[in-house]
There are 2 protein chains.
Amino acid sequence: MSKDTLIVVGSVAFDSIETPRGNADEALGGSGTYFSYAASYFTRPRLVGVVGEDFPDEHRQLFAKRQIDTTGLTSEKGGKTFRWRGRYHSDMNNRDTLEVHLNVFGTFNPVLPPAFCDSTHVFLANGSPLIQAKVLDQIKKPQMVMADTMDLWISTMHNELLALLPRLDGLLLNESEALMLTKDHNLIRAGMAIRKLGPKFVIIKKGEHGSMLFTQDGVFLLPGYPTEEVIDPTGAGDSFAGGLMGQLCSDDSPPPGRLRRAMAYGTVVASFTVEGFGLDRLKKIERADIDKRLEHYKSMLDF
Amino acid sequence: MSKDTLIVVGSVAFDSIETPRGNADEALGGSGTYFSYAASYFTRPRLVGVVGEDFPDEHRQLFAKRQIDTTGLTSEKGGKTFRWRGRYHSDMNNRDTLEVHLNVFGTFNPVLPPAFCDSTHVFLANGSPLIQAKVLDQIKKPQMVMADTMDLWISTMHNELLALLPRLDGLLLNESEALMLTKDHNLIRAGMAIRKLGPKFVIIKKGEHGSMLFTQDGVFLLPGYPTEEVIDPTGAGDSFAGGLMGQLCSDDSPPPGRLRRAMAYGTVVASFTVEGFGLDRLKKIERADIDKRLEHYKSMLDF
């Protein structure tokens with residue numbers, strides 16, 4: 001077993017979700033939640049985040065059950081946990097945000113527990129690039145740093161984001177964000193151009209259409225997993241990242257193909273996430289289910 | 001070499017195209033043109049279509065040069081060739097049709113040359129399902145019949161299309177058309193549901209996002225070829241079909257995987273088509289270029 005350790009800094013939230021398949025009220029969510037839960041099938045992730053006094057003990061127990069280290073999940077006295085409410089369109093590819101209450105997450109300034117500063121693998125979930133940089137400053141010897149970002153930071157903190165990029169091994173972002181960041185219309189050119197901004201590799205997430213990896217060796221392509229019944233797409237991207245980095249952190253095999261294999265694992269874990277509201281589906285699977293689906297997925301790509 | 005023979009019945013047209021990369025005026029196009037040209041790298045396709053008196057001899061010579069049999073390409077005296085004018089949006093995924101003049105294609109009622117009625121592989125390019133059925137009636141012993149369709153026929157000739165489907169081995173259609181035909185929002189369910197309407201397999205084309213195959217054995221996934229510079233997407237779908245059926249017709253290997261491999265060839269041929277206006281790019285390649293790119297494509301999918 002690898003001695004590598006994985007840390008994620010991200011949000012822990014209550015999500016109220018409406019999709020054509022039903023509703024969920026105050027389901028446990030947030031980028032840190034989905035990432036660490038997905039990664040827990042591969043390694044013992046360290047979760048750093050903040051919640052309010054209203055955060056129930058059963059959620060902490062849920063993390064503990066999957067051996068997620070919540071030493072870094074601080075509870076703010078008198079504060080309320082981040083809340084999000086959204087509604088998905090009938091095609092499940094688009095959604096409207098109906099309500100956002102940042103609450104304690106609005107002033108989140110992550111200070112890592114000293115024991116976490118030796119983490120080798122670091123995931124900076126979507127957040128202000130300034131906060132992401134501050135987190136990275138606290139890691140002594142990072143070996144593999146990946147970050148997610150979004151349109152908000154690309155437009156409002158462009159320079160801060162550009163300053164962060166050279167410090168990353170990998171940047172994850174979605175299709176429209178990649179085009180926005182590079183002011184291009186072609187996704188392949190965009191992926192290659194973002195690499196020139198600093199990160200060693202770039203992963204573009206295309207939702208149901210899969211993902212693409214851009215490295216110095218070229219492009220790698222993964223189609224989406226063919227899901228017959230999407231119940232709730234929330235958390236798919238963070239589950240993808242969690243499966244990816246969890247696998248990467250626990251994989252002792254030689255480098256060529258490691259990142260590709262890890263992306264395939266991320267795809268498969270995310271395919272479980274969308275089959276239920278919140279963590280409902282992930283809660284019901286075991287590592288063997290992931291490996292089995294990975295084999296099936298691989299067989300669907302073979303020609 | 002296989003004794004199988006491939007026939008395509010489709011349009012031959014003059015396309016005037018505007019894309020963000022430039023313009024083409026009255027470029028040789030149409031589904032029958034792109035299909036047969038793409039297929040000519042694998043076999044000697046038979047092209048059935050109609051043109052007007054204005055169809056220049058150099059275009060016939062172009063077909064002859066690639067050993068496309070144009071015995072079935074009739075010229076209508078006093079008639080004018082089908083003309084289409086369109087403009088692509090900046091993302092190249094959407095286009096506006098500015099002008100359509102069906103001309104001689106408007107009354108096209110294909111009668112196959114007797115020598116063509118022994119064709120084993122049949123491609124019914126996009127057209128009225130009534131005409132498609134009439135073509136199929138003329139083939140003595142079809143072994144592999146594939147058809148393309150579009151939103152227009154799904155809405156205006158629904159019953160005629162449903163009557164054709166059980167006569168097909170494979171139906172090709174794009175993403176939005178598959179959802180329209182099944183009144184579903186999920187592409188995987190749609191692909192499986194269309195199979196229940198009759199065809200042995202269904203291929204859903206997703207443009208830059210690749211394609212999916214649905215058979216009795218399950219789903220097969222192919223990502224799009226990562227093209228850095230799309231010049232003109234016109235004809236990509238018909239080139240895909242042409243490469244696919246050309247390869248299928250010339251491949252003597254055992255069935256498992258044949259269809260998948262053929263789809264990969266179709267993907268690669270289409271990736272050349274979009275690198276130039278009309279047939280510009282395809283005209284410049286040889287079979288070895290296709291094989292080389294196929295190997296590269298395969299390497300981009302390997303994990």
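Predicted model: local features only at pLDDT ≥ 70, side-chain atom pairs only at ≥ 80, totals over all residues.
Local features need pLDDT of at least 70, side-chain atom pairs count only at pLDDT 80 or more, and totals for chains, interfaces and linings use all residues. Residues are numbered from 1 along each chain as its sequence is written, while chains are lettered from A and ligands numbered from 1 in the order in which they are written.

**Exercise 1. Trace the open sheet of chain A: what is the order of its strands, and which are the edge strands?**

Solution. 
- Start with the terms. Helices (H or I, at least four residues) and strands (E, at least two) are DSSP runs, numbered from the N terminus. Two strands pair if DSSP finds at least two bridges between them.
- Read the order. The 9 strands run 5-4-1-8-9-10-11-12-13, with mixed pairing.
- Find the edges. Strand 5 (69-76) and strand 13 (218-222) of chain A each pair on one side only.
- From one strand to the next it averages 15°. Axes here are lines fitted to C-alpha atoms, for helices over the stretch in contact, and angles run from 0 to 180 degrees between N-to-C directions.

**Exercise 2. In which sense do strand 10 and strand 11 of chain A pair?**

Solution. 
- Locate both. Strand 10 covers residues 170-174 and strand 11 covers residues 201-205 of chain A.
- Read the sense. They pair in the parallel sense, over 5 bridges.
- Check one bridge. A:Asn174 has A:Lys205 as its partner in strand 11 of chain A.

**Exercise 3. Is helix 1 of chain A mostly covered or exposed?**

Solution. 
- Set the cut-offs. A residue is buried if 20 or more other C-beta atoms, placed from the backbone, lie within 10 Å of its own, exposed if 12 or fewer, and partly exposed in between.
- Count. In helix 1 (residues 31-39) of chain A, 9 of 9 residues are buried, so by the definition of burial the helix is mostly covered.
- Name some. Among them are A:Tyr34, A:Phe35 and A:Tyr37.

**Exercise 4. How are chain A and chain B related, and through which surface do they meet?**

Solution. 
- Residues are in contact if their C-beta atoms, placed from the backbone, lie within 7 Å. The contact takes 28 residues from chain A and 28 residues from chain B.
- Strand 13 of chain A gives the largest share of its side, 5 residues.
- 100% of the interface residues of chain A are also interface residues in chain B, so the copies meet through the same surface.

Methods:
Contact = placed C-beta atoms within 7 Å.
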